[in-house]
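Subject: Structure handover

Hello,

Here is the structure for your files. My notes on it follow below.

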Amino acid sequence: MRIDAALRQARSRLEGSPSAALDAQLLLCHVLGQTRTWLFTWPERELNADQLARFQSLLARRENGEPVAHLTGEREFFGRPFRVTADTLIPRPDTETLIDLALGLPLAEDARVVDLGTGSGAIGITLALEQPGWQVTLVDLSEAALQVAQTNAHELGATVICQPGSWLAPCEGRFDLIVSNPPYIEDNDRHLQEGDVRFEPRSALVAGQQGLADLATIIQQASDKLVDGGWLLLEHGFEQGEAVRALLADAGFGQVRTETDLGGNDRVTLG
Ligand code: GLN
């Protein structure tokens, strides 16, 4: 079968996915070890039987709801490919808002930075690569996730320190910048029954106190772990901006403000 025909067929097979065409392209790229540009350049190339069989088997799993990132083993974040497994959250484009904000802060060239609950390492590794002078630490409670982060750092050429543990507990000294995309979804949120989140670690998604428990813990710990004039940058749910700003103000943070994500929703608050 030709590439263009296989993609057409796959797209209609994946009709249930909101991104059927893209899903089909990414899965075929994975099977062929090629880029999307290559696919569009050679629509008439024939797939051999083995390639077709592997593509069909990935399509069947995608039809079953498995995230494309789990099927290909990677997801692009801030222009770089990050490995992901069932032990890590799949990086979201909305989190790039947090990166833009962090890179815009008035920080020293050798700033000490920590990414709490790093997962695949997408946030901390991106910061380490964009600002090679920053000394970046990655923390996660999950040793399996930290292993994925370590592999990503190695493959992408980032120098980072990986520390297992809960939020700031394993960290010595003070930081100029603390960043985190912690779990912030409420346990009974319907959103947890739809799409990719069904296959992602609960521990990376769900938090108590209407999703605010981990955000509150981090804010409380951060006030003692920042240098004077240091920054805390937190991703949160689109309806949590006001609550997070209040928690920051209560903990003594100044210059508190919330930024919106690509969809125009409250997503990241800093102080
Ligand atoms: N933004 C993700 C979602 O809604 C959740 C990320 C998180 O809990 N930190 O699917």
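I start with Gly-229, which is exposed because it has 10 other C-beta atoms within 10 Å. A residue is called buried if 20 or more other C-beta atoms lie within 10 Å of its own, exposed if 12 or fewer, and partly exposed in between, with C-beta atoms placed from the backbone. Gly-229 sits in strand β7, residues 226-235. Helices (H or I, at least four residues) and strands (E, at least two) are DSSP runs, numbered from the N terminus. In space, Gly-229 is 9.4 Å from Gly-271, C-alpha to C-alpha, although the two are 42 residues apart in sequence.

Please note that this is a predicted model: local features need pLDDT of at least 70, side-chain atom pairs count only at pLDDT 80 or more, and totals for chains, interfaces and linings use all residues. Residues are numbered from 1 along each chain as its sequence is written.

Ligand. Around the ligand are Arg-92, Asn-181, Pro-183, Tyr-184, Ile-185, Val-197 and Leu-205, where a residue counts as near if its C-beta atom, placed from the backbone, lies within 6 Å of the molecule.

An unreviewed UniProt entry places a "binding site" at Asn-181, Pro-182, Pro-183 and Tyr-184. UniProt positions are given in the numbering used here, feature names are shortened, and annotations may be inferred rather than shown by experiment.

Asn-181 is in the loop between β6 (175-180) and α9 (213-222). Asn-181 is buried, because 25 other C-beta atoms lie within 10 Å. Leaving aside neighbours within four places in sequence, the contacts of Asn-181 are Thr-95, Leu-98, Gly-117, Ile-123 and Glu-235; contact here requires C-beta atoms, placed from the backbone, within 7 Å.

Pro-183 also belongs to the loop between β6 and α9. Pro-183 counts as partly exposed because it has 18 C-beta neighbours inside 10 Å. Not counting residues up to four places away in sequence, Pro-183 touches Ser-203, Ala-204, Leu-205, Val-206, Ala-207 and Asp-214.

Regards

Conventions
Two residues are in contact if their C-beta atoms, placed from the backbone, lie within 7 Å.
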